[in-house]
Amino acid sequence: MSSPYDEQVEELLAQYHQAREEAVDSRRRIDEIEATVTAQRRAVKVTVGARGQVKALDFPTSAYRTMAPKDLSKVILATLEQARAQALSKVSEVALGGMPGGMSAADLLEGRVDPQSFLPEELELPEAVRAYVEHGLGVPEEGGRRD
């Protein structure tokens, strides 16, 4: 026979597993984010990933050929920064929906945190709580668990 405490513990465990799945899914969605920006005059087009890494750099027209190297460099850098800002905005939309304790969007963005590292598949419980989950109310007999 289960007690109301059993039901509460089971509900808490289910909530934990749901939160873990959501965190892993958010990380997957973040990893798929890309942003593409095309500069004025279509001199350059840049695509970046969620961490700001350059995934593509294209010159869709021949406009770059008439530009001074310094000007072309400025256009590339400005376009790259716009793409990074767009990617960060997309990451924030995904990440800020359910950020666990103190983790920032930047931590996820930079790959410094993997949700699987702070949300283990198996929940570690204190021995008293584990004994309760496994055996219900009561104190385990000395030297081990209740049977």
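Predicted model: local features only at pLDDT ≥ 70, side-chain atom pairs only at ≥ 80, totals over all residues.
1. Val54 belongs to strand β3, which spans residues 54–58. Together with Leu57 and Phe59, Val54 makes a nonpolar surface patch of about 250 Å².

2. The protein chain contains 5 helices and 3 strands, in the order α-β-β-β-α-α-α-α from the N terminus. Of its 147 residues, 29% are buried. For contacts between residues at least 6 apart in sequence, 47% join residues at least 24 apart.

3. The structure has 7 salt bridges. One of them pairs Lys55 with Glu34 at 3.3 Å, N to O. This pair links distant parts of the chain, with Lys55 in strand β3 and Glu34 in strand β1 (residues 34–38), 21 residues apart. Lys55 is partly exposed at 41% relative accessible area, and Glu34 is partly exposed at 39%.

4. A network of salt bridges links Asp25, Arg28, Arg29 and Glu32. Within it, Asp25 and Arg29 meet at 3.6 Å, N to O; both lie in helix α1 (residues 4–31), 4 residues apart, about one turn of the helix. Arg28 bridges to Glu32, with the closest N and O atoms 3.1 Å apart. Asp25 is partly exposed at 30% relative accessibility, as is Arg28 at 41%, whereas Glu32 is exposed at 54%.

Notes. Residues numbered from 1 in each chain as written. Heavy atoms only, no water. Helix = DSSP H or I, 4+ residues; strand = E, 2+ residues; numbered from the N terminus. Buried < 20%, exposed > 50% of the residue type's maximum accessible area, 1.4 Å probe, protein only. Contact = heavy atoms within 4.5 Å. Patch = residues over 30% accessible without salt bridge, like charges linked within 9 Å, V, L, I, M, F, W, Y side chains within 5 Å. Areas by Shrake-Rupley, 256 points an atom, 1.4 Å probe, with all protein chains shown as cover. Salt bridge = Lys/Arg side-chain N within 4 Å of Asp/Glu carboxyl O.
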